[in-house]
Amino acid sequence: MQKISALTKTLIAFSVGLGIAAATPSAKAASLVPQQEGEVQTNLGCLDPNQCINTTSLGYTVTSLDYDGAGGYGLSRLFVDSRTTSNIYEGQGLKVSFGTKDAGTNPALSEYWFRPVAITEKGKLPEGGQLEVGRFLFNFTKEMSEVSLDFFDVEDTGTAILLINGQSVSNLNVPAGKNNKIQSLTLYNVKSFEVQLGNAYSNKFKTGDGVDIKGNVVPKPVTEPGNILGLSALLLVGTFGLRQRKKTASAAENLVMNLYN
């Protein structure tokens, strides 16, 4: 009886250990930025449908929000850009041109960054579309355990995380830094976040402080009920087998005792 009890405990411990391993596989980080150039499809649609990136298949959507509500700047457009190539996006009466050299915001070559394009309430493009300012809501299909963000070329105050999961936050302002430097910020347990990029009313620059952003996301580990159920069944079968062997052994012992009595 003691041997059976010890073996049962061992089987239970082994099964539980496997269940935990199967239920919480290690999650890998993935790029938040699509690895292709184009305009991100937001509530504004896209200037050129042939150069439109739908992020739904990547597990999130992006909504463009009014930048200031003060009548100066409205909803910005969001692009994925790499300085390796030049691109033109034209439609809806607008023409946005990106060269391999920007007026002031120049990440390293061969890197993909989200690049906002400010638009005034009157529908004009400051700096010909090269003012990287905007406010956006990123909404994930599933909760992310981590969202790590890199902000490029923050030289004035204004860039900040405003909301996480619909709740306002404080002290998540990206401080002003040096020209062409990257500053990083990591958020945890994120279903959505609202970010303001750049400062259209910068005191340091007549045309505003433009900022690009990129990042990585780590999904929450997904449980695998099938594996846990399978292991539970294995545990039950193992315990049932042990009980059957116990009953068989007891019957044999009774038979031997009857023969000698």
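The structure is a predicted model, in which local features need pLDDT of at least 70 and side-chain atom pairs count only at pLDDT 80 or more, while totals for chains, interfaces and linings use all residues. Residues are numbered from 1 along each chain as its sequence is written, and side-chain values use heavy atoms, with hydrogens and water left out.

The chain contains two helices and 13 strands; helices (H or I, at least four residues) and strands (E, at least two) are DSSP runs, numbered from the N terminus. Of its 261 residues, 39% are buried. Here buried means under 20% relative accessible area, exposed means over 50%, and partly exposed covers what lies in between (1.4 Å probe, protein chains only). The chain exposes about 14,200 Å², with 56% of this supplied by carbon and sulfur atoms; such areas come from the Shrake-Rupley method with a 1.4 Å probe, and for residues only the protein chains shown count as cover. A contact means heavy atoms within 4.5 Å. Among contacts between residues at least 6 apart in sequence, 74% join residues at least 24 apart.

Salt bridges come next. Side chains of opposite charge can pair when their charged atoms come close. With a salt bridge taken as a side-chain nitrogen of Lys or Arg within 4 Å of a carboxyl oxygen of Asp or Glu, the structure holds six of them. In one of these, the side chains of Arg77 and Glu39 meet with an N to O distance of 2.7 Å. Arg77 belongs to strand β5 (residues 77-81) and Glu39 to strand β2, so the pair ties together parts that are 38 residues apart in sequence. Both Arg77 and Glu39 are buried.

Strand β5 also supplies Asp81, whose side chain meets that of Arg115 in a salt bridge (3.1 Å, N to O). Arg115 sits in strand β8 (residues 113-117), and this pair links distant parts of the chain, 34 residues apart. Arg115 and Asp81 are both buried. These two residues also take part in a network of salt bridges that links Asp81, Asp102, Arg115 and Glu132.

What does Glu143 form a salt bridge with? The partner is Lys220, and the closest N and O atoms are 3.1 Å apart. Glu143 lies in strand β9 (residues 134-152), whereas Lys220 lies in the loop between β13 (212-219) and α2 (225-260), so the pair ties together parts that are 77 residues apart in sequence. Glu143 is partly exposed because its relative accessible area is 32%, and Lys220 counts as partly exposed because its relative accessibility is 33%.

Attention now turns to empty space inside the model. Rolling a probe the size of a water molecule over the atoms shows where empty space is left. On a 1 Å grid over the protein atoms alone, a cavity is a set of points where a 1.4 Å probe fits but cannot get out, and lining residues have an atom within 4 Å of a point. Grid points are joined across faces, edges and corners, and a volume is the space filled by probe spheres set on the points. The structure holds one cavity of 30 Å³ or more, and the largest cavity has about 60 Å³ of space.

A few single residues complete the picture. Leu65, in strand β4 (residues 60-65), is partly exposed because its relative accessible area is 22%. Beyond its neighbours within four places in sequence, Leu65 is in contact with residues including Gly74, Phe136 and Glu194. Thr42, in the loop between β2 (38-40) and β3 (52-53), counts as buried because its relative accessibility is 11%. Not counting residues up to four places away in sequence, Thr42 touches Val62 and Ser64. Asn171 has a positive phi of about 65 degrees although it is not a glycine, and it is exposed, with a relative accessible area of 71%.

Definitions and conventions. 1 Å grid on protein atoms, 1.4 Å probe; cavity = no way out; pocket = protein on both sides within 12 Å on 5 of 7 lines; lining within 4 Å.
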